[in-house]
Amino acid sequence: MTELLSTNYRPLLAILCPTIVSFLILLSGRRPNLRESWTIIGSILLFLIVLSMTPFVLREGPIKCSLFKLFPGIDFAFNVDAFGLIFATTSSCLWILVSLYSIGYMRGLEEHAQTRYYFCFALAILGATGIALSANLVTMFIFYEILTISTYPLVAHDETPEAIYGGHKYLAYLLTAGVFFLLGILVIYFLVGTTDFNPHGILKPALGSTSRLVLQALFFVFMLGFMKAAWMPVHSWLPTAMVAPTPVSALLHAVAVVKAGVFGIIRTVCYVYGIDLMHELGLGLALGFLASFTIIVANLYAIGQTNLKRLLAYSTINQLSLIILGAAILSPMAVTGAMIHIPFHGFMKITLFLCAGAIIVATGKTEIYQMAGIGRQMPKTMLAFTIAAFGMCGAPPVAGFISKWHFCLGAIQSGQIFFLLIILVGSLLDVIYLFPVIRKAFFEKIPKIELYKEDIEEKVEVFGSEKLEVVETKRPLYLFMIVPLSVTAIFSLILCLFPNTFHIYDLAQMAIKDIFGGM
Amino acid sequence: MERIISHSPVLIVVIPLISAFLTLVIGLWKKRLCYPFVIIALSLSLFSCIVTLNTVMKSGTIHYYLGNWDPPWGIEYVVDHLNALVLVFVSFISLMVAIYSKESIEQEIPEKVTFFYTVFLLQVTGLLGIVVTGDMFNLYVFLEIASLAGYALIAIGEDGAPLASFRYVVMGTIGACFYLLGVGYLYIMTGSLNMADLTHLLPNLYHSKVIMVAFVFFIVGVAIKMALFPLHAWLPDAYTHAPSAVSALLAPLMTKVGVYVLIRILFTVFRPEFPIKILHATDIMAWFGTFAILFGGIMALSQTDFKRMLCYIIVAEIGYMVGGIGMANATAIKGAIFHIINDMFMAACLFLIAGIVMHETGGHDISDFTGMFRRMPFTAAIFTIGALAVIGVPPTCGFFSKWYLLLGGIQARHWGFVMALLLCTLINVALFFRVIDKGLYVHALEHKLEHASEPKELQFHEAPLSMLIPGFIIAIAIFLIGIFNQAILKNIIEFAVPSGL
């Protein structure tokens with residue numbers, strides 16, 4: 001029994017936890033409180049398991065756990081290394097918070113099919129954790145497909161024609177990506193006989209047997225396989241998927257799906273191709289241009305959005321390509337920035353989305369032009385929003401500052417001034433579309449007509465001043481929403497002051513040492 | 001016990017054969033005893049198959065002489081790793097379908113239960129006999145037994161079944177006759193009907209025109225039997241209109257046994273260099289396989305009837321296997337052989353579900369799947385597993401055979417086949433998620449049904465256990481075969497790949 005708790009089996013425990021939780025959820029469909037308890041207990045347990053692996057990995061290196069043979073030379077195996085732990089920590093911590101939030105959101109809106117919702121959520125976290133901990137491309141592929149398929153009913157949850165269309169588009173893009181991913185894996189297996197992740201890359205030997213063009217084309221095939229990272233022009237599934245309930249959007253855009261995409265890209269760049277080979281094939285520049293294009297264009301799209309969630313979607317596309325750009329710059333500081341931006345952006349983005357959802361539940365408003373003066377009605381919510389928005393633009397004292405600092409230094413380190421400019425221009429554009437929301441929320445007067453709408457129960461006499469009833473704590477259920485988003489906002493601040501919370505920075509340093517060691 | 005083990009190859013066939021006649025007698029006496037008797041017979045047959053596989057794995061190929069007559073004058077049963085594997089799974093699936101068939105048959109053809117089970121057992125005899133035999137003409141005999149039983153079973157279905165069966169009779173008989181012609185030519189040229197014997201006698205004759213023509217007759221005959229595009233036209237109607245239990249039996253088994261016969265003729269009777277280097281038949285097969293995949297996929301997309309959609313998926317799956325054989329390298333053939341097994345399970349699973357839906361709603365259209373996840377959650381779960389297997393999502397078995405087929409295609413640089421396989425994966429996604437959508441998204445329907453807290457149409461009404469349990473077993477097997485694929489591949493299929501590839 002104690003052997004089961006030994007570190008070697010922790011990855012297996014980490015995978016079993018969400019699996020068992022999902023079955024328990026299915027069984028407790030008729031008792032909502034029990035069902036939700038499974039989710040909360042499971043998420044806390046998962047977070048503790050992941051945290052417990054961190055000190056071990058920092059001291060002694062990766063935990064290897066191989067389960068059974070899939071193909072000759074490929075096992076269904078886990079290799080818990082520093083980089084994987086960063087992603088696993090992010091997803092498990094945010095699962096706790098989003099689950100709490102979901103309770104408030106789903107019950108607040110009296111949503112249907114809640115068992116299906118929590119079941120698919122648990123499976124999605126299974127997928128994300130599996131991706132984080134997998135030892136080779138095939139194991140990662142298995143969890144990739146689990147992630148895609150389990151999030152499909154979540155996207156189409158509302159079951160309106162738009163929701164089903166969004167779900168179909170989501171599935172079409174991401175399963176097509178899966179096919180490309182599979183093709184890439186097969187070619188790699190065909191070329192070098194293994195798909196295991198190695199900090200120095202595994203494809204170098206293939207240079208002898210195939211041409212450079214084949215390897216470059218193969219990288220592009222992998223990029224198509226990672227459409228989850230929403231790079232342009234294969235990004236459009238993401239804004240369409242905003243039709244999902246907000247906790248799902250928070251999950252998609254902060255925790256599981258998109259981060260799995262960029263995680264896969266960084267794995268491919270550093271652990272399959274390796275920094276050396278990327279330099280030799282000139283792929284860093286190509287990837288960098290692709291990412292730069294996305295950063296600028298996504299921000300330009302964001303400026304023109306009126307729907308808050310769509311605006312946040314484009315902001316996500318921009319930030320994800322920032323991570324890709326960090327990896328593409330191929331210098332230690334930039335890749336560090338990419339790795340730490342995964343959790344940092346996760347916390348900040350989730351704050352923004354949770355705020356958007358709270359606004360929808362409390363006031364029913366989805367468009368920015370409706371949100372004049374909402375800072376008065378929902379002060380805590382909008383304060384959290386403001387903190388996170390500052391972080392998005394890279395302003396201290398919020399976490400985004402740390403990662404953007406690393407990106408810029410990384411670009412300077414490798415002498416790529418063009419990319420430095422892209423990062424700075426991108427940050428400027430971030431300000432252009434995020435700050436108007438804040439301004440509208442806090443500094444605009446609510447037109448008098450607003451006051452007589454049904455959503456404010458007591459008509460308050462206002463004579464041109466802004467005394468208004470606070471809506472966000474009207475129902476106790478809303479606490480389930482306010483607490484998580486405040487926690488994530490506070491974390492966004494903490495992560496800036498103490499980037500080593502949950503050992504995130506140490507893990508990143510360790511991963512960088514492995515990748516760049518000997519260079 | 002020793003005697004049973006030594007006679008197990010022939011017991012595999014004799015037990016269902018004798019039981020068929022006994023079933024008729026028993027059924028005429030007491031109808032209710034038919035079903036348990038059939039289950040016992042098929043279980044015994046499965047047991048003999050397992051014993052045979054065990055013997056083959058321990059001591060190598062079994063040569064069994066019927067009636068102790070020496071070959072090549074007597075009929076010889078040769079069981080090597082390939083047959084043994086296929087035998088076990090053919091009898092396993094037959095047993096599962098037999099267990100499942102009770103409720104289905106009682107609802108669809110209640111007045112013909114005895115005759116159904118008799119012919120069912122004859123069908124299984126035929127299928128098992130095709131796989132176990134080592135004699136060319138004996139194979140024809142069992143082929144005809146299986147086919148005739150199949151024609152009869154299909155014809156007792158719903159409207160349109162007799163006509164569909166008649167088309168099958170015409171095309172199937174042509175196929176069997178072509179096969180017979182091939183056997184005849186071989187006999188004229190070599191004087192032997194024994195497969196092992198022919199392997200030695202034929203190499204001298206590889207450049208003879210008669211042998212080449214014989215080969216072509218074989219291939220076309222088998223192609224009709226296994227519904228390779230464009231000779232597949234009998235399949236959609238036949239399997240759609242047949243009774244549910246019949247489709248569930250025939251769809252997984254009949255066509256895959258045809259693929260087995262193809263492998264035998266191509267690589268055991270004729271050595272690999274004949275189809276690959278001398279005739280270049282494998283190149284042609286690779287392209288036919290590719291077109292079959294594309295054709296099957298596209299036709300399946302346009303169907304609104306669930307069973308018909310499955311039929312076209314079967315056509316595409318046969319394309320996978322024939323294309324895999326056409327790649328002519330060890331990896332692809334491993335994939336094709338493994339896919340024979342996997343497709344048996346996937347097709348059985350899906351046709352079982354079609355039968356369950358038919359039992360519950362009276363139809364097999366896609367619209368009959370509405371609200372399935374609410375009404376029949378276990379059935380829906382089994383369906384999802386079958387769907388994911390056909391799509392090729394790991395860790396179901398479908399992924400693993402697709403991997404080998406794709407890898408074989410890349411090794412052979414046949415990008416058409418690789419692209420067709422990948423495209424078909426996406427087409428399968430569209431096909432099955434269409435049905436899953438119908439089953440899953442009931443919210444709008446609930447509203448329409450006037451806010452009843454549990455509208456009658458969406459009440460929980462699961463299938464009877466005798467139909468669910470085989471479904472569960474097959475679904476679990478789909479996972480287990482996938483997860484433990486290396487055990488099957490390393491211990492059995494490695495030895496089944498023809499040498500010289």
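Is Lys334(B) buried or exposed? Lys334(B) is buried, at a relative accessible area of 15%; buried means under 20%, exposed over 50%, and partly exposed in between (1.4 Å probe, protein chains only). This is a predicted model, in which local features need pLDDT of at least 70 and side-chain atom pairs pLDDT 80 or more, while totals for chains, interfaces and linings use all residues. Residues are numbered from 1 along each chain as its sequence is written, chains are lettered from A in the order written, and side-chain values use heavy atoms, without hydrogens and water.

Lys334(B) meets Glu494(B) in a salt bridge, 3.2 Å from N to O. The rule asks for a side-chain nitrogen of Lys or Arg within 4 Å of a carboxyl oxygen of Asp or Glu. The two residues lie 160 apart, in α15 and α22 of chain B; helices (H or I, at least four residues) and strands (E, at least two) are DSSP runs, numbered from the N terminus. Glu494(B) is partly exposed, at 36%.

Arg264(B) pairs with Asp80(B) at 2.6 Å. Arg264(B) sits in α11, Asp80(B) in the loop between β2 and α4. Arg264(B) is buried, at 6%.

Now the interface. Here 32 residues of chain A contact 31 of chain B, contact being heavy atoms within 4.5 Å. The chains bury about 2900 Å², 80% of it on carbon and sulfur atoms. Buried area is the accessible area (1.4 Å probe) lost on being put together, summed over both parts. Phe71(A), Leu186(A) and Phe190(A) supply 22% of chain A's buried area.

Technical notes:
Buried area is the accessible area (1.4 Å probe) that two parts lose on being put together, summed over both.
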